[in-house]
Amino acid sequence: MTAQRIVSMDEARSTSINFTLLRFLEQNPGIETALDFVNHCRARGGESYFQSRCREMGLDPNEICTSRTAEISDWVWGDSQGLDDPPRLAAVS
């Protein structure tokens, strides 16, 4: 398991955090994998709802579908350069 980090707002801006996805995951703590996300979306509105949620969150629906066992929190961090092991979530103050 990866340790979580708390980052400043400046660092958060420079590391391309997907705040839309981060808020979604905070509101839906049971969604852990890409498959959980797919199932959550499709149960609420089918394929078109899944596609629109992906667009809204800046996610590639094809990548999500082919990476179903991956942790959805992996997509919170868009640019992890300079980090050996990017954190899963950010707490921004």
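Q: What does the side chain of Asn-18 reach at the start of helix 2?
A: This is a predicted model. In it, a side-chain oxygen of Asn-18 comes to within 3.3 Å of the backbone nitrogen of Thr-20.

Q: Which residues of helix 2 are buried?
A: Helix 2 covers residues 19-27. Its buried residues are Leu-21, Leu-22, Phe-24 and Leu-25.

Q: Where do they sit around the axis of helix 2?
A: On the same side of helix 2, because they cover an arc of only 160 degrees around the axis.

Q: And what is exposed on the other side of helix 2?
A: Glu-26 and Gln-27 are exposed there.

Q: New topic. Where is Arg-53?
A: Arg-53 belongs to helix 3, which runs over residues 34-57.

Q: Is Arg-53 buried or exposed?
A: Buried. Its relative accessibility is 15%, and buried means under 20%.

Q: What is Arg-53 in contact with, leaving aside its neighbours within four places in sequence?
A: Three residues: Phe-24, Phe-37 and Cys-41.

Q: How far apart in space are Arg-53 and Val-38?
A: They are 9.7 Å apart, C-alpha to C-alpha. In sequence, 15 residues separate Arg-53 and Val-38.

Q: Let's zoom out. How many helices and strands are there in the protein chain?
A: Four helices and two strands.

Q: What pattern do they follow along the sequence?
A: The pattern reads β-α-α-α-α-β.

Q: How many of the residues in the chain are buried?
A: The protein chain has 93 residues, and 33% of them are buried.

Q: What about contacts between residues at least 6 apart in sequence?
A: Of those contacts, 63% join residues at least 24 apart.

Q: Last one. What does the accessible surface come to?
A: About 5600 Å² for the protein chain. Carbon and sulfur atoms account for 46% of that surface.

Technical notes:
Residues numbered from 1 in each chain as written. Predicted model: local features only at pLDDT ≥ 70, side-chain atom pairs only at ≥ 80, totals over all residues. Heavy atoms only, no water. Buried < 20%, exposed > 50% of the residue type's maximum accessible area, 1.4 Å probe, protein only. Contact = heavy atoms within 4.5 Å. Arc of directions from axis to C-beta. Polar contact = N/O pair within 3.5 Å; in protein donor to acceptor, adjacent residues only side chain to side chain. Areas by Shrake-Rupley, 256 points an atom, 1.4 Å probe, with all protein chains shown as cover.
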